[in-house]
Amino acid sequence: MIAGLIRLITGAQARWCGVDPVRPDGTVPPRVYFANHQSNLDAPVIWASLPTELRRQTRPVAARDYWNKGPLRQYLANNVFRCLLIERAKVTVSNNPLRAMEEVLDAGESLIIFPEGTRSMDDEGEMNDFKPGLWHLAKKHPEAELVPVHLENLNRILPKGTVVLIPLLAAVTFGAPIRIEEGEDKPAFLARAKQAVAELNPPEAA
Amino acid sequence: MTAIIATAMPSETAARWLVGGTLIILGVATIIGQILRLRAKSDTAPPDRRRTVANLNARIRAWWIMVAVFASANYFGRTGATILFALISFLALREMLTLTPTRRGDHHTMFWAFFVLIPIQYFLVYIRWYGLFAIFIPVYGQIFLAIRSTLTGDYTRYLERTAKIQWAAFICIYCISHAPALLTLPVYGYGDHPWGLLVWLVIVVQMSDVLQYCWGKLLGRRKIAPHISPNKTWEGFIGGVLTATLLGAALYRITPFNPWQAAIIAFTVAVLGFFGGIVMSAVKRDAGVKDYGNLIEGHGGMMDRIDSLTFAAPVFFHIVRFFFVLPAGG
């Protein structure tokens with residue numbers, strides 16, 4: 001129901017270009033959905049635009065410092081979105097975010113991550129460079145599909161620095177999975193991943 | 001202003017016939033659409049035709065939805081209609097502003113357009129405060145939106161951004177609100193709610209669209225504005241407007257007009273409907289998209305459905321208000 005509400009407010013339309021929500025044989029591999037980050041609504045919107053059966057086994061990776069404030073945020077993070085809450089500030093060996101993410105993939109579930117690390121402030125929707133977490137996940141879990149996701153208009157619906165939401169229409173585009181190529185090094189892979197998200201700009205807008 | 005008192009009393013029975021007739025026509029259209037679909041599927045029909053048939057069926061489905069929405073609004077009376085059109089304004093504004101590139105500085109301005117201007121405008125319509133709702137958006141709305149956009153201190157492309165939001169508010173809120181405003185007019189022979197006027201306007205304008213499409217498909221040769229709206233042809237325009245005029249005249253019984261008045265007014269709103277459609281197409285082309293959204297399947301977005309109503313509604317409202325309103329009430 002909350003997923004329906006999110007879709008209603010943001011008018012989010014999911015487009016699957018180059019990847020099917022579910023494989024033809026009905027199975028879904030563990031996936032890492034990686035997207036551009038513009039708004040606090042990003043993770044809920046991606047989560048809400050997944051088909052129900054995928055939604056149940058997909059966990060957004062989110063910042064503990066934000067989602068642990070107040071009972072409502074805690075409830076949403078733990079019981080609704082089933083967020084995987086990670087530390088941003090004090091990372092130690094025992095709370096290493098990557099280990100928690102790997103456990104999710106090991107369990108056959110999927111993740112939603114925002115490799116930019118934080119929301120980009122740019123008016124034109126330019127992305128920040130990707131942080132290396134995606135590379136490590138790809139290295140250690142070659143069986144996981146890395147699905148680029150492009151979010152459009154969420155920076156206009158709920159931009160950073162405001163709590164006032166306006167009901168424009170958002171678009172969510174899922175693209176063809178990428179993988180680390182033979183001999184590709186970290187910076188090249190991260191640049192290509194960023195490019196994969198940027199290229200998913202909806203076709204009509206071009 | 002002296003009212004021209006029409007000869008025929010608008011009749012309840014006529015309205016009932018109209019509803020029944022619409023349902024029958026839609027039913028027949030649905031059956032034909034399904035037969036065409038099966039045909040296009042069975043033989044090795046060209047994909048081109050299959051697409052046309054799919055488009056036709058989607059249009060028919062959308063008409064069912066529109067009729068259902070209108071019928072329920074009718075059931076709930078003027079309150080229902082006002083809320084319905086407020087909702088239509090909301091969805092249209094959402095589509096138009098989504099297409100309009102804005103900057104962060106416009107965020108709160110848009111918030112005001114959605115959550116303050118729409119409720120106030122429709123509230124003014126609802127309480128029949130003609131003197132204020134007729135100027136609210138063009139005067140106070142425009143002034144306010146302009147001021148609000150300066151408060152964030154971003155002057156990049158200021159005039160362009162502000163004008164776009166103002167224009168969207170004018171088209172999507174102000175123009176559309178004149179449709180439910182028809183129900184506030186004390187028209188001769190109607191009592192409190194001249195429902196027939198609204199139904200007549202919507203039927204004439206929307207059928208004019210459909211008829212232009214049909215005539216265009218049948219005989220269309222010479223394009224009117226190939227760059228803006230490649231499907232609009234002179235043949236479709238003339239045929240559609242003339243048949244819509246006849247249709248409007250034939251339906252005079254649900255209006256306060258006599259057949260001649262009905263024909264002239266139907267012609268006027270059909271022509272305005274045509275221009276409303278072509279102007280909204282120009283906005284879409286400018287933004288580089290084909291449809292405003294995918295709210296009603298096959299009908300593009302809400303804006304694609306009501307584009308022809310945007311110019312017709314206010315002018316029709318004023319025609320009725322100037323010439324057909326009871327002297328005591330006007």
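In what sense, parallel or antiparallel, do strand E2 (residues 31-35) of chain A and E5(A) pair? Parallel, over 3 bridges. Let me start there.

First, the ground rules. This is a predicted model, where local features need pLDDT of at least 70 and side-chain atom pairs count only at pLDDT 80 or more, while totals for chains, interfaces and linings use all residues. Residues are numbered from 1 along each chain as its sequence is written, and chains are lettered from A and ligands numbered from 1 in the order in which they are written.

Back to E5(A). Strands here are DSSP runs of E, at least two residues, and helices are runs of H or I, at least four, both numbered from the N terminus. Two strands pair if DSSP finds at least two bridges between them. E5(A) also pairs with strand E3 (residues 58-63) of chain A, again in the parallel sense and over 3 bridges. Look at A:Leu111. A:Val32 stands opposite A:Leu111.

What covers E5? Both of its faces are covered. A:Ser110 and A:Ile112 are buried on one side, A:Leu111 and A:Ile113 on the other. Buried means 20 or more other C-beta atoms within 10 Å of the residue's own; exposed means 12 or fewer, partly exposed is in between, and C-beta atoms are placed from the backbone.

Now chain B. Chain B has 11 helices and 0 strands. Of its 330 residues, 43% count as buried. Contact means that two C-beta atoms, placed from the backbone, lie within 7 Å. Take the contacts in chain B between residues at least 6 apart in sequence: 71% join residues at least 24 apart.

Chain B is divided into domain 1 (1-75 + 189-330) and domain 2 (78-184). Those bounds come from an automatic or database domain assignment. Where they meet, 26 residues of domain 1 of chain B are in contact with 18 residues of domain 2 of chain B. On the domain 1 side, helix H2 (47-75), helix H8 (195-219) and helix H11 (302-323) of chain B each give two or more residues. H11(B) supplies the largest share of that side, 10 residues. By class, that side has 21 nonpolar, 5 polar and no charged residues. Nonpolar is Ala, Val, Leu, Ile, Met, Phe, Trp, Tyr, Cys and Pro; charged is Asp, Glu, Lys and Arg; the others, Gly among them, are polar.

Last, the two chains together. The contact takes 14 residues from chain A and 17 residues from chain B. The chain A side divides into 7 nonpolar, 4 polar and 3 charged.
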